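Q: Please take a close look at one part of this model: how its strands pair. Keep it brisk, and follow the packing where it leads.

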Amino acid sequence: MRVTLLGTGSADGWPNPWCDCASCAWARRHEVRGQTAVLVDDALLLDCGPDVPRTAARLGVRLSGLRHLLISHAHPDHLGPESLMWRSWSSAAGRPLDVVGPPAALAVCREFLTRWEGADPAREGSDLRFVPATAGGGSPVDGPLRLGAGDAGYLVRPLAARHGDASIGPAVLYDVTAPDGGRLLYGCDTAAPLPAPTLAAVTGRAYDVVLLEENNGDRPGFGEHLDLASFAEVVAELRRRGAVVDGTRVLAVHLSHRNPPGDELARRLALLGAQAPGDGAVLDLTPRAPLRLVQSPAPATQPASPAAQPPPHRVLITGGARSGKSAEAERRLLAEPAVVYVATSAPPDATDAEWSARIAAHRERRPAAWTTVETLDLVPLLRSPGPPLLVDGVGLWVAALLDDPAELATRVGELVEAWRHTARRVVAVTDEVGSGVVPASAAGRRFRDALGLLNAELAAASDEVWQVVAGTAIRLRPRAADS
Ligand SMILES: [Zn+2]
Ligand SMILES: [Zn+2]
Ligand SMILES: [Zn+2]
């Protein structure tokens, strides 16, 4: 299966041509993304918004071999019915083309072509074959569709999306099995969580590639779309269900300027095991070959050989109060099927409403699938096997043990040893101390010294060390030149 990304942007594209925000300014300088569409083997096209045929032309991609057009829904960035008219003026006219989509999307095509070509394109003898596709709800075609004959045939399963309103009807996602057995999930557009029947249908599919929309970046709330956090949630669920497995390429599409600038987006997606290749990227997914970016006309903002790296084992994240260090730590594990969150804070004191509210807000942000453990006994957790640990944080742990200096010294030694030898993936959050005035109290000075020394010891035994300043993550170790 060969997959060509003919577009990876949102309805308005990225940059939005009208917009001067920082995200659009970055995109304008580095990487322009048009409306999302994906070409499989030059024979099957997923979505065809008005941008798409022109993007294909600019990329030197021919659409003459197209046999099957799959439309996800009738929003205008996924459906440009005029394309079918331009096709009828080409050498491809007269060749059969399946047009598959929800009934409302097919109706838009038929109305447009009837008006401009003077005849219903669904008439007898037309080269267009309209195939309604809905996921559930007693539609005429409610199961897998077999498109094309014999060895060149595709098996297509429309799946329910969380997207669409009364005017366009429910949108669908597509599960596509190519003639060579390659498996692709096209998850665009949808919000989270995916509907239960869709999750049931993708269980165990072990896709070669999952294309999942991520329209909203760090600014959720626009339309029925995914943002970075809910994208991670969906990926985690797909991992739990064996739909995303070790070899699966998870690609973010339908990207808009609600995302952070592209270099930061690439970093954030990499933390989730995902990538966002640009328009024109071609993925050769011939049976289980390692991902090869055959062609990428975009500048080198994406790694040239983005084979999945195993995630770093021990990560220490330091930062000042309210720097964003906890959120940065959580981001590293959001797409994991299971996580043990280790809270080292004392249980909320019922009389301290402000502290209880902080703890509650932290807890609220964590995915429901995470297990929370409140403990100061970090060593047994580091020594036992299990899902990744998120320890938040080392500063509170030191503070809780500060009253007994001998006990603290012993436990610090044990903690550093356990950290050094742990077989478990662990991300720990700590506080950056000592940048300001010398603490006025003896206890304050003892805390600063103990935590400062412990941070240095943990950092020396970590695979990665990051500092977060004003919400911006800076890698301290290994330095870019070392890795
Ligand atoms: Zn869309
Ligand atoms: Zn913008
Ligand atoms: Zn839409």
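A: Two strands count as paired if DSSP finds at least two bridges between them. The model is a predicted one. With that rule, start at one sheet.

Seven strands make an open sheet, ordered β18-β17-β19-β20-β16-β21-β22, with mixed pairing. Its edges are β18 (371-374) and β22 (472-477), each of which pairs on one side only. On average, and ignoring direction, neighbouring strands here are turned by 20° against each other. Take the β18 end. β17 (residues 340-343) and β18 run parallel, joined by four bridges. Across this pair, Val340 sits opposite Thr371 of β18.

Now the other sheet. It is also open and mixed, and its seven strands follow the order β7-β8-β9-β10-β11-β12-β13. β7 (145-147) and β13 (274-275) are its edges; each has a single partner strand, so one side of each lacks a neighbour in the sheet.

Look at β9 next. Five of its six residues are buried, so β9 is largely enclosed by the rest of the structure. One antiparallel partner is β10 (residues 183-187), linked to β9 by four bridges. In this pair, Thr177 faces Arg183 of β10. The two strands form a hairpin with five residues between them, and there Gly181 adopts a positive phi near 95°.

The other antiparallel link runs from β8 (residues 154-160) to β9 (residues 172-177), through six bridges. Arg157 stands opposite Asp175 in this pairing. Leu155 stands opposite Thr177.

What packs on this sheet is helix α6 (residues 228-240), which touches β11 (209-213), β12 (249-253) and β13. The direction of α6 makes about 150° with that of β11.

Then the core. The largest nonpolar core has 118 residues; Val38, Tyr186, Val210, Leu211 and Val235 touch the most other members. α6 supplies the largest share of this core, seven residues. Both domain 1 (2-295) and domain 2 (314-477) contribute at least three residues to the core.

Leaving out residues up to four places away in sequence, its contacts are Val38, Leu46, Leu173, Tyr174, Val176 and Leu211.

Past α6, go to Ala243, in the loop between α6 and β12. Is Ala243 buried or exposed? There are 25 other C-beta atoms within 10 Å, and the cut-off for buried is 20 or more, so Ala243 is buried. Beyond residues up to four places away in sequence, Ala243 touches Leu185, Val202, Thr203, Arg205, Tyr207 and Leu238. Leu283 lies 40 residues from Ala243 along the chain, and their C-alpha atoms are 19 Å apart.

In α2 (residues 52-59), the buried residues include Val52, Pro53, Thr55 and Ala56. These four are on the same side of α2, because they cover an arc of only 160° around its axis. Against what do the buried residues of α2 pack? Their partners are β1 (2-7), β2 (37-40) and α3 (82-88). Gly60 follows α2, with a positive phi near 75°.

Key: Residues numbered from 1 in each chain as written. Chains lettered and ligands numbered in written order. Predicted model: local features only at pLDDT ≥ 70, side-chain atom pairs only at ≥ 80, totals over all residues. Buried ≥ 20, exposed ≤ 12 C-beta atoms within 10 Å, placed from the backbone. Arc of directions from axis to C-beta. Contact = placed C-beta atoms within 7 Å. Axes fitted to C-alpha atoms, helices over the stretch in contact; angles between N-to-C directions. Core = buried A, V, L, I, M, F, W, Y, C linked by C-beta atoms within 7 Å. Domains from an automatic or database assignment.
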